[in-house]
Amino acid sequence: RLCTMGEAVMDKVKFRPAQREDIPSLVWMIQLLAEEEKEPQGRKIGEKELLRDGFGEDKFFHCLVAELTCSPEEFIKAKPPSADSASKSLAGELLSQKMQRNESLVGYTLYFYTYSTWEGRMLYMEDLFVRAEYRNMGLGTALMRE
């Protein structure tokens, strides 16, 4: 697997295709990304569009999520010391919102396939996002490898 993450950390995260039930959490993390990019009003889509475009008959995108398989407290105990310098989370600003989301989802990658007349088949990664408090442990790299 990854050499940047300790086995104790890797054992506490699973990577899987996003499911319909993950949509509220995806909207939340997309908003976190928009706020980090200093574009809090940038997100123009919501649950309805994600459902239609990623989980309907004609999928426009694919999505993988990183999900804790333990409590956040257990995960923090397993973090390597080098990860302690991770950025502060913007999540606190959104905790007061009444969104039904799965707090165990800690990251996602959203991608789609395209075609180049010069190079043929291509994969385009639109977003790669890991919540701030779970960064610097190799989760983003792991999402890309999945």
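Which residue stands opposite Phe15 in β2? In this predicted model, Phe15 stands opposite Ala66. The two strands concerned are β1 (residues 13–17) and β2, joined by five bridges and running antiparallel. Strands count as paired if DSSP finds at least two bridges between them.

Residues are numbered from 1 along each chain as its sequence is written, and side-chain values use heavy atoms, with hydrogens and water left out. Because the model is predicted, local features need pLDDT of at least 70 and side-chain atom pairs count only at pLDDT 80 or more, while totals for chains, interfaces and linings use all residues.

The chain has six helices and four strands. Both kinds of element are DSSP runs numbered from the N terminus: helices are H or I with at least four residues, strands are E with at least two. Along the sequence the pattern reads α-β-α-α-β-α-α-β-β-α. Of the 146 residues in the chain, 45% are buried. Buried means under 20% relative accessible area, exposed means over 50%, and partly exposed lies in between (1.4 Å probe, protein chains only).

Strand β2 (residues 62–68) pairs with strand β3 (residues 105–116) over six bridges, in the antiparallel sense. Within this pairing, Cys63 has Leu110 of β3 as its bridge partner. Strand β2 is largely enclosed by the rest of the structure, because six of its seven residues are buried. Strand β3 is in turn joined to strand β4 (residues 120–130) by 10 bridges, and these two strands also run antiparallel. β3 and β4 form a hairpin, with three residues between them. Phe112 has Tyr124 of β4 as its bridge partner.

The structure holds four aromatic pairs. Rings of Phe, Tyr and Trp (its six-membered ring) pair if their centres lie within 6.5 Å; planes under 30 degrees apart count as stacked, over 60 as edge-to-face and the rest as tilted. One of the pairs is Tyr111 with Tyr113, which is edge-to-face, at 6.0 Å centre to centre and 90° between the planes. Tyr111 counts as buried because its relative accessibility is 15%. Tyr113, at 55% relative accessibility, counts as exposed. Phe112 and Tyr124 form a tilted pair, at 5.1 Å centre to centre and 40° between the planes. This pair links distant parts of the chain: Phe112 lies in strand β3 and Tyr124 in strand β4, 12 residues apart. Phe112 is partly exposed, at 26% relative accessibility. Tyr124 is also partly exposed, with a relative accessible area of 42%.

Helix α2 (23–36) was considered separately. This helix has 14 residues. Its span from first C-alpha to last is 20 Å, close to the 20 Å expected at 1.5 Å a residue. The expected span is 1.5 Å times one less than the number of residues. Helix α2 is mostly covered, with 13 of its 14 residues buried. Just after α2, Lys38 takes a positive phi of about 60°.

A pocket is defined on a 1 Å grid over the protein atoms alone, as an open set of points where a 1.4 Å probe fits, with protein on both sides within 12 Å along at least five of seven lines; lining residues have an atom within 4 Å of a point. The largest pocket has a volume of about 210 Å³, taken as the space filled by probe spheres set on the points. Its lining includes Ile30, Leu33, Ala34, Glu39, Arg43, Leu110, Glu126 and Asp127. Both α2 and β4 supply at least two residues each. The most comes from α2, with three residues. By class, the lining divides into six nonpolar, one polar and four charged residues. Here Ala, Val, Leu, Ile, Met, Phe, Trp, Tyr, Cys and Pro count as nonpolar, Asp, Glu, Lys and Arg as charged, and the others, Gly among them, as polar.

A further contact involves Pro72. This residue is found in helix α4 (residues 72–78). Pro72 is partly exposed, with a relative accessible area of 33%. Pro72 and Ser104 are 32 residues apart in sequence, yet 7.5 Å apart in space, C-alpha to C-alpha.
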